[in-house]
Amino acid sequence: MMSLTAWLWPYEETIRKCARSWVTVIRLMEKNPHMVFTCSQAQQFDWVKSWYPDLFSQIQHYVKKGQFIPVGGTWVEMDGNLPSGESMVRQFLEGQRFFKQEFGNYCKEFWLPDTFGYSAQLPQLMQGSGITRFLTQKLSWNLVNIFPHNTFFWEGLDGSQVLTHFPPGNSYEMKGKVEDLVNTVKNNKDKGRANHSAALFGFGDGGGGPTQLMLDRLDRVQDTDGLPRVQMSSPDRLFSELEADSSLLCTWTGELFLELHNGTYTTQAQIKLGNRQCETLLHDVEVASSLALCLDKTFQYPSQPLQILWSVLCFRLLLLNQFHDVIPGSCIEMVVEEALRYYQDIRTVGTRLLRVSCEALGATGAAPRTGDSAVLNTLPWERTEVLPLTGGAPDLQQPGLALVTVPSVGVVSVCEATGTKPVTLVSVTVQADGTVLMENGILRAVVNKDGCLASLYLVKTNREAISDGCRGNQFVVFDDVPLYWDAWDVMDYHLQTRKPVVEVVSPVQIASPGGLRGSVTFTLRISDKSTITQEIILDAMCPYIRLNTQVEWLESHKFLKVEFPVRVRSPNATYEIQFGHLQRPTHRNTSWDWARFEVWGHKWADLSEHGFGVSLLNDSKYGYSVHQNTMTLSLLRAPKAPDANADMGSHQFTYAVMPHTGTFQEASVIQYAYNLNYPLRLIDHSPGSAVWSAFSVSAAAVILETIKQAEDRKDALVVRLYEAHGSSVTASLSTRLPVTEAWHCDLLERVDPSRPAPITASGISINFSPFQIVSLLLYLK
């Protein structure tokens, strides 16, 4: 039985649904000792434990008897595309820890029947969380191509494999009818390779579970001539049977892309923004708290408040909002309001925790100089950026701005940080034809009166990024009336209704003439109800042009995107996913290519030919389309069901365009996309030492993603790194923290006693294969 954690009802109603469903199930088990019931989502068990403790005790009793079987291993049945890599790790970490603590066992199966696509990193995340088996059925909803398997090995981005089963009945809530069983056998695409399959029955979605009628039906037909043999079974037994006879199974490599529901990459933009901002904030809180823990012996790591934020206790959860009808935006308005309230709670508590951690960092060492502030960089590379300062700036070029250089995962006083002088200052000038020229020595951009880019030129290599006769930063609106599911779907035929946004309300004018930062602003009218106001910003020493965007959006069944036709030819574009990236075609040769007319990615997408490319970076968007040489970022939709007011109102977001030489790996596109999403943070008080760096990594291909206190040890940190380029590499992790020993551990933070990580003078040496995730447990003095 699957009960949706929120959808056409709020979270609180789900608590009551769980109680009603599970009481029914317990009563059925009393009458039917052979009955087996599976249920996923640690969050729902935790709700029942808090609200209905007697019922929870009965569930624990039947779990011991092997009849009530917790499955899944995650906190909720999350969306398989949009949460960050670390968020997905926490889904497994929190879920598996809960199941182990309450029921004595970790889950062996990842159970995600109903989600809108499956990231190519999920097999590695499952393996790292003690899971080798996966059950889902949603790909049977593909609109264009029929997925060719029901039982197969799924191979992820790094080569990790999990045994995967799609119940051939193509449903997670069959009713035990003869036709369900016949369909289950008839639809099995792996006959001869796999002789067993699951038939999931019960009332799902809104809950209810199985009924006595369904059980009676299955009892009657279990051994009937002419019908499939049926037996009540557990997931463990099913997968054990499949594993025992798996030598002929096929392997599917890469993502499992759902050819439907691709409007969910864009619907409810405020939820997407809240998710990305809270993921960033919690990352920074953990990094700052970990550093403060090591530097200030009186500092208390905020493990309890952080746990509340990460693991969905008291409704205030990042993980809860990643449920597969909340973060996709396919829920009612009441759920949207609730989700946005939880994001605001996370921001409020997280900002306070970050301030406390930063105060502890600023208080370390010798007495700080009066009035001096410092800058914190939570990312694992040195950064040189233009930073707004609250109380004026040491740099006389531009009051309120400073060009600062901040060390890797470190802190530096503003006085020390501003020693860097820009190679070239930014200039912004109006030309004779009314266009505006913006230059910083790296880029030269020509902005038309309507805000479109007539040119974006890479100065040192004399390469133009914008295609001949075309305009970059072109806003376009499409009619968006899907066939089936309003908030969920965008259909390929919407591409035939493209309409450029051309009406200028306020033409381009200079907002800042240059120095450390130059900018221009303009306003366009989308319709009589909706407008776009944008500030185009170019900073000194920055390789991308940044576009801060405000949209007043009051449309109905419209889709807003922005296009960049670029001077690049390539059959594939590259998109960031969790802990890595993958390629998708830019052509529509086959039905499989055509079905990916709208795809998902995270902080960046890139289109490159040999020696040159263009990247699109963003701070809160997930929908992309790259067709031939036109790169498109999806910005806003306007569906009317199940939320009649979806996306109506004011939106603010940022994206950036970055032409580059060489590959995107060589051009550090991955790092610049992180920089855009993880701002440098000002600390009120400067630490005694002027420059201090906690961690650094020797290889540009390896990213130190996470630094946190270990779950079960107060005297240990967990650090998580991944290989981001798609290469085999040996990297050295150096730290100034008082680390006494280091060990490899899995994603559940269980140490591998056979794999110490020796600490040498040059740091901890780690070998990576392409896109491998490595977690280390660091013991502190």
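Which strands does helix α9 (residues 269-295) lie across, and at about what angle does the helix run to β35? The legends below take up this point after an overview of the chain.

**View 1. Overview of the predicted protein chain.** This is a predicted model, in which local features need pLDDT of at least 70 and side-chain atom pairs count only at pLDDT 80 or more, while totals for chains, interfaces and linings use all residues. Residues are numbered from 1 along each chain as its sequence is written, and side-chain values use heavy atoms, with hydrogens and water left out. The protein chain holds 14 helices and 42 strands, which are DSSP runs (helices H or I, at least four residues; strands E, at least two) numbered from the N terminus. Buried residues (under 20% relative accessible area, 1.4 Å probe, protein chains only) make up 62% of the 781 residues.

**View 2. The open sheet of five strands.** The strands follow the order β35-β36-β42-β38-β39 with antiparallel pairing, two strands being paired if DSSP finds at least two bridges between them. At the edges are β35 (702-709) and β39 (751-756), each of which pairs on one side only.

**View 3. The pairing of β38 with β42.** Strand β38 (residues 739-745) and strand β42 (residues 773-780) run antiparallel and are joined by six bridges; in β42, L777 is the bridge partner of W743.

**View 4. Helix α9 against the sheet.** Helix α9 lies across β35, β36 (716-723) and β42, and runs at about 65° to β35. Axes are lines fitted to C-alpha atoms, for helices over the stretch in contact (heavy atoms within 4.5 Å), and angles run from 0 to 180 degrees between N-to-C directions.

Conventions: Buried means under 20% relative accessible area, exposed over 50%, partly exposed in between (1.4 Å probe, protein chains only).
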